[in-house]
Structures are given as C-alpha cells and as structure tokens.
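Here is a friendly note to read alongside the model. Please keep the 3D view open and look up each residue as it comes along.

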Amino acid sequence: MKRIGVLTSGGDSSGMNAAIRAVVRAGIDKGLEVYGFIQGYAGVLDKHYKVMESSSVSGIINRGGTILKSARCEEFKTDRGQEEGLDTLRDLGVDGLVVIGGDGSLRGANALHELGMPVVGIPATIDNDVYGTDMAIGVDTCLNTITWAIDTIKDTASSHERAFIIEVMGRESGYLAIMSSLSCGAEAAIVPEFPYDLEKIGEKLAERFKEGKTDSIIIVAEGASSAYTIQRRLKNHIGFETRITVLGHIQRGGVTSVFDRTLASRMGVEAVNALTDGKTGVMIGLSKNKYVEVPFADVMEKKKELDPKLFDLARALGVIL
Ligand code: ADP
Ligand code: F6P
C-alpha cells in the first residue's frame with residue numbers, strides 16, 4: 001500500500017478534523033502518501049483532492065467542521081456513481097480509503113468495498129445512531145453544547161417563570177434528547193423511541209406547577225416532533241407561560257471536546273493500521289472502552305437501539321417521558 005485517501009461525508013460533526021489529522025499523520029508515519037478528497041464522495045467523482053502533508057493538519061485538532069469540507073452526494077448512491085468513484089480512485093493510484101461520516105456515508109464506503117476497494121470507516125455524526133460503536137465522533141461535543149445552551153436558557157426560564165420547549169437534533173434518534181434531559185435536569189423528554197402521551201405529560205407538568213415548580217425545561221427530539229407542535233398542544237394545559245428554542249446547527253460545530261479529540265485520534269490511527277494490515281469492509285468502533293473492528297455488514301444491517309435503561313434512569317431522576 002502506497003497511497004491512501006481520506007474523506008468526510010454527510011452531516012459534519014466536531015472532531016472530524018481531529019480524525020483527519022490522525023489519519024494523515026498515521027499514514028505519513030507509515031510511509032504512505034495521503035490524498036484528502038474535498039466534499040466527500042463528490043470530491044472522489046470530481047477528482048478534487050489535496051495531497052496532505054503533516055503540516056496540512058496542524059492547528060486543527062480543536063476545530064469543529066472539517067477542513068476537507070463535507071457534502072451529500074446523490075450521484076454516489078447510484079451504481080454508476082459508485083463505479084465511477086472506484087475508477088477515479090484507481091486512476092489516482094489510491095490503494096485504500098478512510099471514510100469519516102455517519103450511517104449513510106458508511107453505506108457509500110461499503111459500496112466501494114464491495115467493488116474491491118479497501119475501505120475502512122470511522123463513525124462521525126452527532127446523532128449517535130451508528131450500529132457498532134458506543135459513541136460516534138462529535139456526540140460528546142454536541143451534548144456539551146446542548147447542555148451549555150440549556151443551562152443558559154434555564155437562567156431566564158427561572159427569572160420569568162416560564163416553560164421552555166427545546167428542540168434538539170436527531171433525525172431518527174432520541175439519543176441527544178434523552179442524554180441532555182439527564183445532563184440538564186429537564187422536566188420532560190420527548191423521543192421517537194418511546195411512545196409519549198402529550199396529555200399525560202401536560203397533566204404531570206401542571207401538577208408540578210401547582211406544587212410550586214416555577215420553571216420548566218421540556219426537550220423534544222426533532223425526530224419525534226417539533227417544538228412548535230409540542231408548544232401548541234401543551235400551552236393551555238400546563239400552567240406555565242411557554243417559549244420555544246430550536247437549537248439547530250449550533251449543535252454541529254464548536255471547539256472539539258477532550259473526549260472527541262481522543263476518540264477521533266485513536267479511531268484515525270486504528271483505521272490506518274487496519275488498512276495497512278490488509279483489512280477492508282470494517283468500521284472502527286468503541287465498544288465497552290475497547291477499540292474494535294466492526295464488519296460493514298453489521299453496521300448496515302443492524303439498528304442501533306437506545307439503551308432502555310436510559311429511560312428508567314431518566315424516570316428515576318424525575319424526567320417525565
Ligand atoms: P450521514 O453519513 O451523516 O448519515 P447521509 O445519509 O446524508 O449522511 O449520507 C451522506 C452521503 O453518503 C450521501 O450524500 C451519499 O453520497 C452517501 N450515501 C448515503 N447513502 C448511501 C448508499 N445507500 N449508497 C451509497 N452512498 C450512500
Ligand atoms: O445527521 C446529522 C444531522 O445533524 C441530524 O441530526 C439533522 O437532522 C440533520 O443532520 C440536519 O442536516 P442538514 O445540515 O442538512 O440540515
């Protein structure tokens with residue numbers, strides 16, 4: 001193996017830069033040339049890449065976003081796009097590829113692997129919905145941002161004795177919502193994985209209001225409902241005046257947390273080691289504090305479930321579900 005490629009794809013997450021840095025530095029350390037493809041699979045199709053030097057990744061370990069840019073590339077979902085991608089990589093003499101991204105991006109990685117290109121994946125998405133890893137890169141930074149934002153909102157919620165309905169990201173996953181309900185001491189959490197009864201939630205919130213609770217935080221995962229819908233349905237029943245905050249893309253950026261820097265650095269190095277050991281079709285995962293190689297077949301076929309114990313924990317700590 002002489003030359004490897006690296007790309008970031010799909011929704012970005014803080015820590016992608018730390019992962020790129022680790023892949024580049026580990027690759028160079030092993031005597032490889034490293035090409036960084038720009039804008040994910042679009043960069044592969046357009047032969048848009050940079051030759052990465054050790055200095056190309058200086059000063060980025062802390063920075064959110066991705067210096068290689070990220071994109072969603074519809075063409076790459078087609079057989080033709082994938083075959084063209086393979087041809088391009090072969091033309092450029094790329095012997096192996098590291099794909100950093102979420103579930104969709106890893107499907108693209110699997111397609112290239114099935115066509116014969118050695119590919120290793122690294123999970124990076126704030127949604128934490130990739131099977132085979134306890135944590136994806138960016139989740140921890142995102143949760144810290146959500147927690148900071150809600151702590152800030154709680155100050156004004158308390159001054160004005162209001163309930164805030166806060167919408168957090170998670171296209172199909174309630175991980176961010178349930179975890180932030182724990183870290184912020186929220187009154188209620190609404191997630192797609194748990195059947196919720198808004199009338200009951202409303203009654204319980206009203207009870208707490210009568211008991212003297214003067215402010216309230218209700219977290220809703222975008223994959224379950226919208227803050228506007230929840231506000232419309234709750235506002236006349238809970239006693240509190242309500243306001244809405246949709247946290248939006250603030251959740252995707254920001255200075256990378258220590259946990260994510262470490263996770264990304266380790267996964268980047270493990271990915272290069274796997275490629276040079278002749279492995280392909282695997283994702284580097286973190287499972288029970290160990291770094292593991294998870295076959296793409298499992299990542300594609302199995303669904304990552306929210307741990308049901310999180311619901312028990314939330315309830316025990318007073319979160320209404
Ligand atoms: P994420 O990786 O964050 O889940 P997406 O689902 O939007 O983001 O996927 C990012 C990109 O990965 C897509 O734009 C496409 O280029 C590629 N991709 C997604 N799904 C597939 C698939 N089934 N086959 C091939 N490529 C895919
Ligand atoms: O998959 C990551 C994610 O941030 C989801 O939580 C969210 O639904 C989506 O991406 C937003 O995508 P976009 O940046 O294209 O609006």
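Which residue forms a salt bridge with Asp298? Keep that in mind; point 2 takes it up.

1. A word on the ground rules. This is a predicted model, in which local features need pLDDT of at least 70 and side-chain atom pairs count only at pLDDT 80 or more, while totals for chains, interfaces and linings use all residues. Residues are numbered from 1 along each chain as its sequence is written, chains are lettered from A and ligands numbered from 1 in the order in which they are written, and side-chain values use heavy atoms, with hydrogens and water left out.

2. The partner of Asp298 is Lys302, and their closest N and O atoms are 3.8 Å apart. A salt bridge here is a side-chain nitrogen of Lys or Arg within 4 Å of a carboxyl oxygen of Asp or Glu. Asp298 is partly exposed, at 23% relative accessible area, and Lys302 is partly exposed too, at 40%. The labels work like this: buried is under 20% relative accessible area, exposed is over 50%, and partly exposed is in between (1.4 Å probe, protein chains only).

3. Elsewhere, salt bridges that share partners join Glu187, Arg208, Lys213 and Asp215 into one network. The structure holds 15 salt bridges.

4. In helix H3 (residues 79–91), Glu84 and Arg80 lie four residues apart, about one turn of the helix, and their side chains meet in a salt bridge of 3.9 Å, N to O. Glu84 is partly exposed at 31% relative accessibility, whereas Arg80 is exposed at 63%.

5. Now turn to helix H9 (residues 258–276). Because Glu270 and Arg266 are four residues apart in this helix, about one helical turn separates them. The closest N and O atoms of their salt bridge are 3.0 Å apart. Arg266 counts as partly exposed, with 41% relative accessibility.

6. How many residues surround ligand 1? There are 16, and the closest are Arg72, Cys73, Gly102, Gly104 and Ser105. To be counted as near, a residue needs a heavy atom within 4 Å of the molecule. Helix H4 (residues 103–114) gives the largest share of this shell, five residues. By type, the shell has three nonpolar, eight polar and five charged residues. In this sorting, Ala, Val, Leu, Ile, Met, Phe, Trp, Tyr, Cys and Pro are nonpolar, Asp, Glu, Lys and Arg are charged, and the others, Gly among them, are polar.

7. Next, the polar contacts of the ligand, meaning pairs of N or O atoms within 3.5 Å. A polar side-chain atom of Ser105 is 2.5 Å from an oxygen atom of ligand 1. Backbone atoms take part as well: a polar one of Gly11 is 3.3 Å from a ligand oxygen, and a backbone N or O atom of Asp103 is 3.4 Å from one. Taken alone, ligand 1 exposes 550 Å², and the protein buries 85% of that. These areas come from the Shrake-Rupley method with a 1.4 Å probe.

8. Lastly, the cysteines. A disulfide needs two cysteine sulfur atoms within 2.5 Å, and the count comes to zero. Cys142 is buried at 1% relative accessible area, and Cys184 is buried at 3%.

Methods: A polar contact is a pair of N or O atoms within 3.5 Å; within protein, one must be able to donate a hydrogen and the other to accept it, and residues adjacent in sequence count only if both atoms are side-chain atoms. Helices (H or I, at least four residues) and strands (E, at least two) are DSSP runs, numbered from the N terminus.
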